[in-house]
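Open the model in your viewer and keep the sequence panel beside it. This tour goes from stop to stop, saying what to select and what is there.

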Amino acid sequence: PATAPAPATAGAQPGRAIKVQTPLYTATFNTQGGVLTAFDLAHYKVGKENIDWADFFPILRQYTNDLPFIHGWLDKPTGNLNAPEDMAPPPEVGDRALGLRLVGEEALTRQLADVPYQPSQDGLKVGAQQGPTTLVLKSAAVDGLAVEKRLTFHPDSYIVDYAVSVANYGAQPRPLRIASIFGEGPEGAHGPKHFRGHQGPIWREDGSLTTKSAEDVAPTRVVPKPEWIGVADTYFLTVAQAKSPVDHGFYEAKELPLGTGKIWIAGYGLELPQVELEPGKMVTSQFKLYLGPKRVSQMQKFGSKLETSLDLTLDVLAQPMLALMRWFHSFTGNYGVSIILLTIV
């Protein structure tokens, strides 16, 4: 851009919420740092918590061998059936979703995390008949650097196209190593262990799928050439795919207290090769994100074999059975009835 943005004033500026609503979800951004604070799925509601008898009789905890129930990607548990499933990680846990890190420059990274961003609009409502719609967030300048985030939303999918640019308005070249952060997802306890699917880091590299627990990647794990990289729980998935050159993907894991026990969580991101950013130039990285359910028809829109993230045993039998059950569900509207019909068949 020809005109440099205004420099950031000293001290953190209070942010305001910018909401983007589509038929499938509502995404909420904070203008302080230009980060994603919530991604609420419209058609997936949070149910009541499982009854954990060890909460009433603590002596049973040693026999249940289970952590208290929590919801993946939720800020706090809720029993409200009308509350939407929130895919964004809690802001108090590590790096914020869609944050930016300048590797080796911790102080400047903290400043960029608090800088105010100017949105292109104060909110978006994307109708079912609309095409892709874009929100642009532009930061104030910090030490001669300014950031622009461009997010494009699609009314019929959980895909978000994301481009982030860093411009040098200073008088000197700047050596930069930029990492884009995509957030974290806790490994929540979702009832008896034998009922749980994979929870934690998941990525595709060299044509094969890798799944790990958050503890497995602690404290850090580098993924040299990911086709896509993300974090999953039993029913939902967030992944990022680089559409421009990156040096590598990475995970960072930590252990946090949970009730009387502890829980491991892992965040993930993609790091660019080091650049020598000349004055008056900018570097842009592009990504494709998926934040949504492990629903085959939606994951296929993303491509790159994202549907392989669905944890199925005996895939050759499970896939047609799953398709038949969903066909029954399309006209019964009830999975219990659909399972009965599938059993009869």
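Start by selecting P219, which is found in the loop between strand 14 (208-211) and strand 15 (220-223). Helices (H or I, at least four residues) and strands (E, at least two) are DSSP runs, numbered from the N terminus. The peptide bond leading from A218 to P219 is cis, with omega near -10°.

Before moving on, note that this is a predicted model, in which local features need pLDDT of at least 70 and side-chain atom pairs count only at pLDDT 80 or more, while totals for chains, interfaces and linings use all residues. Residues are numbered from 1 along each chain as its sequence is written, and side-chain values use heavy atoms, with hydrogens and water left out.

**The whole chain**

Zoom out. The chain has five helices and 21 strands. Of its 345 residues, 47% are buried. Buried means under 20% relative accessible area, exposed means over 50%, and partly exposed is in between (1.4 Å probe, protein chains only). Among contacts (heavy atoms within 4.5 Å) with a separation of 6 or more, 63% are between residues 24 or more positions apart.

Select F29. Together with F153, F29 has the most contacts inside the largest nonpolar core, which has 70 residues. A nonpolar core is a set of buried Ala, Val, Leu, Ile, Met, Phe, Trp, Tyr and Cys residues joined through side-chain atoms within 4.5 Å. Leaving aside neighbours within four places in sequence, F29 is in contact with residues including I18, V20, L98, L135 and F153.

Now select N30, which is in strand 2 (residues 25-30). N30 counts as partly exposed because its relative accessibility is 21%. Not counting residues up to four places away in sequence, N30 touches G15, R16, V35 and T37. A polar atom of the N30 side chain lies 2.9 Å from the backbone nitrogen of Q32.

**Helix 2**

Select helix 2 (residues 106-114), where L108, T109 and L112 are buried. These three cover an arc of only 105° around the axis, so they are on the same side of helix 2. The arc is that of the directions from the helix axis to the C-beta atoms. On the face turned away from the buried side, helix 2 carries the exposed residues E106 and R110. Show what covers the buried residues: strand 5 (99-102), strand 6 (117-119), strand 9 (145-153) and strand 11 (174-176) are included.

Select S165 in strand 10. Is S165 buried or exposed? S165 is buried, because its relative accessible area is 9%. The side chains of S165 and T284 are joined by a polar contact of 2.7 Å. A polar contact is a pair of N or O atoms within 3.5 Å; within protein, one must be able to donate a hydrogen and the other to accept it, and residues adjacent in sequence count only if both atoms are side-chain atoms.

Next, show the aromatic side chains. The structure holds 14 aromatic pairs. One of them is Y162 with F182, an edge-to-face pair at 6.4 Å centre to centre and 85° between the planes. This pair links distant parts of the chain, with Y162 in strand 10 (residues 159-168) and F182 in strand 12 (residues 178-186), 20 residues apart. Rings of Phe, Tyr and Trp (its six-membered ring) pair if their centres lie within 6.5 Å; planes under 30 degrees apart count as stacked, over 60 as edge-to-face and the rest as tilted. Y162 is buried, with a relative accessible area of 2%, and F182 is buried at 8%. Ring pairs link Y162, F182, W203, Y251, Y268 and F287 into a cluster.

**Two positive phi angles**

Select D143, in the loop between strand 8 (133-139) and strand 9. D143 has a positive phi of about 55° although it is not a glycine. D143 counts as exposed, at 53% relative accessibility.

Finish at S304, in the loop between helix 3 and helix 4 (315-332). S304 is a residue other than glycine with a positive phi, near 55°. S304 is partly exposed, with a relative accessible area of 28%.
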